[in-house]
Amino acid sequence: MKFDDIEPELIELCYTASPLEMTKVLVNGELRGLETLSLRGIEKRNELPAEVVNVLLIYFYKTFAGKVYNRMYLTKLYNLWLTNNIYTFKDAKRMTELDIKQVLDNV
C-alpha cells in the first residue's frame, strides 16, 4: 500500500478521529461484529497514540475491508508496531510500505 495515495481526508482524520470513528469511515459505516471485536482488543490497550492506531487501521482495512479475515490480524499488527516502537505518524507511515500479507505471515 502506498500511503501517499491515501485520500487527504483520511490523513487528516488520523489526527482527529477516534479509532472507532476511523474504522467506521474505512468500512463505509458497515461495522460488523468482526470489526468490533478486533477494534475492542486494541482500544483497551491504549499503548499507541491514536494517530498511529488510525494509520494502522488504514493500512489494515485498505486490504481487508469487506473481506473475511482472522480477527487476530489487527492485534498482531498492533503488537508488531508496539514492539517496534512505532509511536509517531512518520514511523507509522513508513510501516505501511511493507506488504501487509507478508508481515502477517511472519508474525
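Glu47 is partly exposed, with a relative accessible area of 39%; here buried means under 20% relative accessible area, exposed over 50%, and partly exposed in between (1.4 Å probe, protein chains only). The model is a predicted one, in which local features need pLDDT of at least 70 and side-chain atom pairs count only at pLDDT 80 or more, whereas totals for chains, interfaces and linings use all residues. Residues are numbered from 1 along each chain as its sequence is written, and side-chain values use heavy atoms, with hydrogens and water left out.

The side chain of Glu47 meets that of Arg45 in a salt bridge, at 3.0 Å from N to O; the term denotes a side-chain nitrogen of Lys or Arg within 4 Å of a carboxyl oxygen of Asp or Glu. Arg45 is itself partly exposed, at a relative accessible area of 30%. Asn46 lies in the loop between helix 3 (33-45) and helix 4 (50-64), helices being DSSP runs of H or I with at least four residues, and strands runs of E with at least two, numbered from the N terminus. Asn46 has a positive phi of about 50 degrees although it is not a glycine. Most residues other than glycine have a negative phi. Asn46 is exposed, its relative accessible area being 63%.

Asn85 is placed in the loop between helix 5 (72-83) and helix 6 (89-95), and its relative accessibility of 47% makes it partly exposed.

By the rule stated above, the salt bridges number three. In one of them Lys62 pairs with Glu7, the closest N and O atoms being 3.6 Å apart. Lys62 belongs to helix 4 and Glu7 to the segment before helix 1 (8-16), so this pair ties together parts that are 55 residues apart in sequence. Both partners are partly exposed, Lys62 at 40% relative accessibility and Glu7 at 35%. Arg94 and Asp91 form another salt bridge, at 3.5 Å from N to O. These two residues stand three apart in helix 6 and are therefore separated by about one helical turn. Arg94 is partly exposed at 43%, as is Asp91 at 23%.

Helix 4 also contains Ile58, which counts as buried at 0% relative accessibility. Its C-alpha atom is separated by 8.8 Å from that of Phe3, a residue 55 positions away along the chain.

The chain as a whole comprises seven helices and zero strands. Of its 107 residues, 39% count as buried. Among contacts (heavy atoms within 4.5 Å) between residues at least 6 apart in sequence, 71% join residues at least 24 apart. The C-alpha trace spans about 30 × 30 × 25 Å along its principal axes. The accessible surface, calculated by the Shrake-Rupley method with a 1.4 Å probe, comes to about 6,100 Å², of which 49% belongs to carbon and sulfur atoms.

Confidence is expressed as pLDDT, the predictor's confidence in each residue, from 0 to 100. The mean pLDDT of the chain is 89, and 99% of its residues reach 70 or more. Confidence is lowest in helix 3, at a mean of 82, and highest in helix 6, at 95.
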